[in-house]
Amino acid sequence: MTEDERTERERIAELRTPGRKWVFGQLQGWNCALCAARLYADRPICTVEVDYGSVTETYQLYVCAPSCETARAAWVTARAAQRPAPPDGDRPVVRAPRRRTGA
C-alpha cells in the first residue's frame with residue numbers, strides 16, 4: 001500500500017467517525033468534507049450516514065481536487081490576480097466622522 005492510499009484511507013475513516021459535526025454545505029457537496037473550503041474542482045471521496053433521530057440520511061461527500069493544499073493555493077493566486085495593485089505612494093485617505101453640532 002502506498003503512502004497516498006494509506007492517507008486516503010485514514011481520511012475516510014476520520015470522515016466516518018460517529019457523531020462528527022457537519023457543515024450544511026459539506027453534506028450538500030458545496031464545501032470540501034475535509035477543509036470546508038468552497039469547492040470549485042472536486043472529487044467524490046465516500047458516503048456517510050447521518051442520524052437525525054428516527055431518520056438516517058446518506059450523503060455523498062466531496063473533497064478538493066487534486067488536494068486541499070493545491071486547491072487553496074490556486075484560490076489564493078486567483079484572488080490576488082483579481083485585486084488591482086495599489087499605485088505606489090497613493091494611499092486612501094481615511095477621514096474622521098463629522099461631529100454633530102446643534103440641537
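Modeller: **The core and its surroundings**

The largest nonpolar core has 15 residues. Leu15, Trp22, Val48 and Leu61 have the most contacts inside this core. A nonpolar core here is a set of buried Ala, Val, Leu, Ile, Met, Phe, Trp, Tyr and Cys residues joined through side-chain atoms within 4.5 Å. Strand S1 (42-51) and strand S2 (56-64) are the elements that give two or more residues to this core. Helices (H or I, at least four residues) and strands (E, at least two) are DSSP runs, numbered from the N terminus.

A word on the basis. This is a predicted model, where local features need pLDDT of at least 70, side-chain atom pairs count only at pLDDT 80 or more, and totals for chains, interfaces and linings use all residues. Residues are numbered from 1 along each chain as its sequence is written, and side-chain values use heavy atoms, with hydrogens and water left out.

Now take Val48. Leaving aside neighbours within four places in sequence, Val48 is in contact (heavy atoms within 4.5 Å) with Leu15, Arg16, Trp22, Glu57, Thr58, Tyr59 and Leu61.

Next, the two strands. S1 and S2 pair in the antiparallel sense over nine bridges. Two strands count as paired if DSSP finds at least two bridges between them. Asp51 stands opposite Thr56 in S2. S1 and S2 form a hairpin, with four residues between them. Gly53, in the turn, has a positive phi of about 85°.

Then Arg11. This residue lies in helix H1 (residues 3-15). Arg11 is partly exposed, because its relative accessible area is 23%. Buried means under 20% relative accessible area, exposed over 50%, and partly exposed in between (1.4 Å probe, protein chains only). Not counting residues up to four places away in sequence, Arg11 touches Leu34, Arg43 and Glu69. Arg11 and Cys46 are 35 residues apart along the chain, and their C-alpha atoms are separated by 9.9 Å.

Last, the chain as a whole. The chain has three helices and two strands. Read along the sequence, they follow the pattern α-α-β-β-α. Of the chain's 103 residues, 19% count as buried. Take the contacts between residues at least 6 apart in sequence: 39% of them join residues at least 24 apart.
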